[in-house]
Amino acid sequence: MTNSADRMTGAFFLLFGLAMVFLVIPEYVEDVDRGSLSPKTMPTIIAWVLAFCGGLLVVKPTNHKAPDARFFIRATIYVAVLGASIYAMSLVGFIYVAPVLALIVMLMIGERRPVWLGFGVVLMPAAIWFLVTQLLERGLPG
Amino acid sequence: MVDFATILAGFGDVFTPINLFFVIFGVLLGQFVGAVPGIGPVMAMAIAIPFTFGLDPLPAIAFLVGVNKGGLVGGAVPAVLMNTPGTPDAAATAMDGYPLAQQGKPLKATKMALFSSVTGDTFSDIVLITVAAPLAILALKMGPVEVVALMIFAFSIISGLMGESLTKGVIAAALGLMFSFIGTDPEHFTPRLIFGFWDLFDGLALPSVAIGMLAISEILRRMSEGRGGGGAGLTVPDTGNPEDRRVSWAEYWACRYTLMRGASIGTILGALPGIGSTAAAFMSYAMTKGASKDPDSFGKGNLHGIAATESANSAVVGANLIPLLTLGIPGSVTAALIISAFMIHGMQPGPLLFQNQGRLVYGLFGAMIMANFMNLFIGQALLRFWVKVISAPEAVIFSAALLLCFVGVSMATNGLFGVTVMLIFAVFGVLMHSFGYSVVIFIIAFFLGPQFEKSLAQAIALLNGNILNIYTSPVAVALLVLSVVSIFWFLSKRTNEVADTTNLGVPDGETLDQKDP
């Protein structure tokens, strides 16, 4: 993936920049006649810069080596867990989700020692609850 | 600009119990997170910022500065004992620290790192305190035209020096700017790129973006690399000789030129946006080795090697605040985090800060000096404890950090929308890091974006709508010429050896092996 990674991301930024210029900015940025700098000016300039640099990267990639597919699969699973926990927090609140999230994450990382699992599942969420709701007098997420 | 009474009052503020407590707490936390491989002061600062909401500005910022300074000291501990730097800054320290530890002198190595760190840090703080106010007076003479030119110059330097290629640096900066445009535009206040999400009307919240990209993405990356799990017990070799457990005055004094060289390099590089503490450490190490009468002893446990790297990387911390406080431009990720803390507490960093909040600025300077002393005392007292801390399991640390990020961002943004944005930017951070784009450039550009656009609008108005009238400002012209020259210079000569690795956009596997000078 040495050169192909850069070519791939370069192509992405080329397309992203062009899509911003021709599709997104005209649709989602209001045009204003007065003033010295239109709301569209800077996003359009930056989108062209992105497209140009993306194109440049396609033509002249660096030797950067991207991580292997396993890394991205693992990252996707972790992101899915975190995303699901945010959704769960919106339903039942932080106080119920936090211990479960901590347990899942620790098990996924490979922690199996009961003492440390107990520390992460019980003590840490309890400490956070105490810090936020009792000391700082703020609300927990959810 | 600031009268003497204000300066004294500012320094005096540090000695209130609450401020002293937060300086000490910050240094303690910093040394702790620095000693744990995988967290580091940047992540700790990012997580801690939302929790400082309820504090007054001085203890909040003094706390963050303490975390940063303590982190640099703590980062040397795993570098010396495990050859695994707790922070990238400490990578060069491992080159002589680890061999010393293997010879049964781990405490001598960590204490030399501590003394060198405090020496370099104090030197750069004194430089900061001396030059910041005069520079701010100069900066006040700049108008929007000069500010725009200065920002373009800063972008060109940062994009060229950070990350692995100028093209990727420009892309990272452009992306940061693009995301900063989300929300109301600064001149007409019309909604822009919000895609129907009215939560985005005020733009993307800085805590969501910063914590997502700096903390969560780093945790995700490390978890995905499968480095976690239980901490392996660490055996620390010890000769039993008391001389090998301390640094004598003679040994410290013998390193005075090395320390001064390192502190000077760190201060100069730290004052320039884009060059970080890792570059300073390696440059100082290389220069010390080059100047040594016994260069072959480097890499085998030479105290000068530790003195060179630790004095240089710590000297960057104070100097980093020079562009931040005088121009409002963060030159590094830690400066960007401190600037966001300033803004959370209602302060606009820049030259006017001295005029409007002089007492607070000098309170901050006092807190920095105090943090150095605390670093010394706490480091001396707890070095043996930090040696134990490096065996703590990453699984617990990461899960706790994740929960703290969720809570912190939720508090900062008043709800789960900000937490969702944080997760999106965490994914973005992982992808950027994986494909070699600097997250730090992104964050700095994201932070500077609104100010850049606002100054540009003002500059165009001042130039009567014709940007070619810029010739009326020689300073702006000079800065733009410098920007063009620097871009051509970076294109013609990539300075890989001084590219900053303190950022999270560092390519995978870039360790001291590749950085060996």
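Reader: What makes the 220 residues a nonpolar core, and which of them touch the most other members?

Author: In this predicted model, the term stands for a set of buried Ala, Val, Leu, Ile, Met, Phe, Trp, Tyr and Cys residues joined through C-beta atoms within 7 Å, and the largest such set has 220 residues, among which Ala46(B), Leu64(B), Ala401(B), Cys405(B) and Ile443(B) touch the most other members. This core also draws at least three residues from each of domain 1 (2–59) and domain 2 (69–135) of chain A, where the domain bounds come from an automatic or database domain assignment. In soluble globular proteins, nonpolar side chains tend to be buried together.

Reader: Which residues does Leu64(B) touch, not counting residues up to four places away in sequence?

Author: Two residues are in contact if their C-beta atoms, placed from the backbone, lie within 7 Å, and Leu64(B) touches Gly26(B), Met45(B), Ala48(B), Ile49(B), Thr52(B), Leu337(B), Ile338(B) and Ala341(B).

Reader: Why does Glu146(B) count as buried?

Author: A residue is buried if 20 or more other C-beta atoms lie within 10 Å of its own, exposed if 12 or fewer, and partly exposed in between, with C-beta atoms placed from the backbone; Glu146(B) has 21 C-beta neighbours inside 10 Å and therefore counts as buried. Its place is in helix H8 (residues 144–161) of chain B, helices (H or I, at least four residues) and strands (E, at least two) being DSSP runs numbered from the N terminus. Leaving aside neighbours within four places in sequence, Glu146(B) is in contact with Ser473(B), Val475(B) and Ala476(B), while Ala459(B), 313 residues away in sequence, is 8.4 Å from Glu146(B), C-alpha to C-alpha.

Reader: What makes up the side of chain B that touches chain A?

Author: The contact takes 56 residues from chain B and 55 residues from chain A. Helix H18 (394–413) is one of the helices that each supply at least two residues of this side of chain B, and H18(B) gives the most, with 13 residues. The residues of this side divide into 32 nonpolar, 15 polar and 9 charged, where Ala, Val, Leu, Ile, Met, Phe, Trp, Tyr, Cys and Pro count as nonpolar, Asp, Glu, Lys and Arg as charged, and the others, Gly among them, as polar.

Reader: How are residues and chains labelled, and which confidence limits apply?

Author: Residues are numbered from 1 along each chain as its sequence is written, while chains are lettered from A and ligands numbered from 1 in the order in which they are written. For this predicted model, local features need pLDDT of at least 70 and side-chain atom pairs count only at pLDDT 80 or more, whereas totals for chains, interfaces and linings use all residues.
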